[in-house]
Amino acid sequence: MKTQTNSRKYEGQCRFCRQEFTKREIIRHLDSCEKRKRNEKIKNLRLRVAAPCMPNFWLIVEVNEKAKLKDLDKLIRDVWVECCGHLSLFGNYGNEVAKRRIIMETLQPGDSIGYIYDFGSSTELIIEAVGYTNCELDDDKRIELVARNYLPPSNCQKCGVQATLVCVGCSGEREVLVCDECAEKYHNEENEEEEHYLLPLANSPRSGICGYEPSMPLDKLFEE
Ligand SMILES: [Zn+2]
Ligand SMILES: [Zn+2]
Ligand SMILES: [Zn+2]
Ligand SMILES: [Zn+2]
């Protein structure tokens, strides 16, 4: 499985050519990608969705003039955060921006807006408008995921191999990364003396929070 290797470059993949780029390079690449169609008449907006406290995680999304914030809410839920239908908002607590608003009428390049999913165990993201683009979206789509990060380095804390699970029960610590074998040996949920609660590891800033389970296998970045 492909994972990030350089802890300061935060690599990910372009959905069109499936090549690897750093978080910084990808923005420029998307305009020169050979697999994309360009059209001078199109002026779409490119957004970066990021987790401010977890820089490994990023999505690049493009929207046309019809896309609303509710379309972006749905995309973020589908790709990254949906666990049990919590509430979400754009803006901040007490200063919410209506989801019916058209994104391109709300954000211009250089602007950013907050996003909060779940007001209890919240996942807080920031959406930055990074520029206009004349690249086409797939047929009839108003909004599209065009690039995203690989799974950040996540090795089992006991033995060092690629983790597959997160234990959120172990006392005192944040989520503990676990492989299948060590899960059986050390994180036995039937163990009555210690608390263990295993969730599947996810390529998402919501990994290990509430009951979050990824919608796709760990090595799959895009739907098709
Ligand atoms: Zn590409
Ligand atoms: Zn939940
Ligand atoms: Zn292990
Ligand atoms: Zn545990």
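**Close-up views of a predicted model**

**View 1. The buried residues of helix α2.** Buried in α2 are Leu 69, Leu 72, Ile 76, Val 79, Trp 80 and Val 81. Their arc around the axis covers only 130 degrees, so they sit on the same side of α2. The model shown here and in the other views is predicted. Helix α2 runs over residues 69-81. Its end C-alpha atoms span only 16 Å. A straight helix of 13 residues, at 1.5 Å a residue, would span 18 Å.

**View 2. The sheet of 9 strands.** The sheet is open, and its strand order is β2-β1-β9-β4-β3-β8-β7-β5-β6. Pairing in this sheet is antiparallel. Its edge strands are β2 (20-21) and β6 (95-97). Each of these two pairs on one side only.

**View 3. Strands β3 and β8.** Strand β3 covers residues 44-50, and strand β8 covers residues 123-133. The two run antiparallel and are joined by 7 bridges. Arg 46 has Gly 131 of β8 as its bridge partner.

**View 4. The hairpin of β7 and β8.** These antiparallel strands are joined by 6 bridges. Ile 113 has Ile 127 of β8 as its bridge partner. The hairpin has 5 residues between its strands. Asp 118 lies in the turn, with a positive phi of about 75 degrees.

**View 5. Asp 140 in its loop.** Asp 140 is found in the loop between β8 and β9. The phi of Asp 140 is near 65 degrees, a positive value in a residue other than glycine. Most residues other than glycine have a negative phi. Is Asp 140 buried or exposed? Asp 140 counts as exposed because it has 5 C-beta neighbours inside 10 Å, and a residue is exposed at 12 or fewer.

**View 6. Cys 210 after strand β12.** Cys 210 is found in the segment after β12 (198-200). Cys 210 is not a glycine, yet its phi is positive, about 50 degrees. Cys 210 has 18 C-beta neighbours inside 10 Å and therefore counts as partly exposed.

**View 7. The sheet of 3 strands.** This open sheet has the order β11-β10-β12. Its pairing is antiparallel. The edge strands are β11 (176-178) and β12, and each pairs on one side only. On average, neighbouring strands of this sheet are turned by 35 degrees against each other, direction ignored. Strand β10 (residues 165-167) runs antiparallel to β11, with 3 bridges joining them. Val 166 has Leu 177 of β11 as its bridge partner.

**View 8. The two domains.** The domain assignment gives domain 1 (12-149) and domain 2 (165-200). How many Å apart do the C-alpha centres of domain 1 and domain 2 lie? The centres are 33 Å apart.

How values were computed:
Residues numbered from 1 in each chain as written. Chains lettered and ligands numbered in written order. Predicted model: local features only at pLDDT ≥ 70, side-chain atom pairs only at ≥ 80, totals over all residues. Domains from an automatic or database assignment. Helix = DSSP H or I, 4+ residues; strand = E, 2+ residues; numbered from the N terminus. Expected span 1.5 Å × (residues − 1). Buried ≥ 20, exposed ≤ 12 C-beta atoms within 10 Å, placed from the backbone. Arc of directions from axis to C-beta. Pairing = 2+ DSSP bridges. Axes fitted to C-alpha atoms, helices over the stretch in contact; angles between N-to-C directions.
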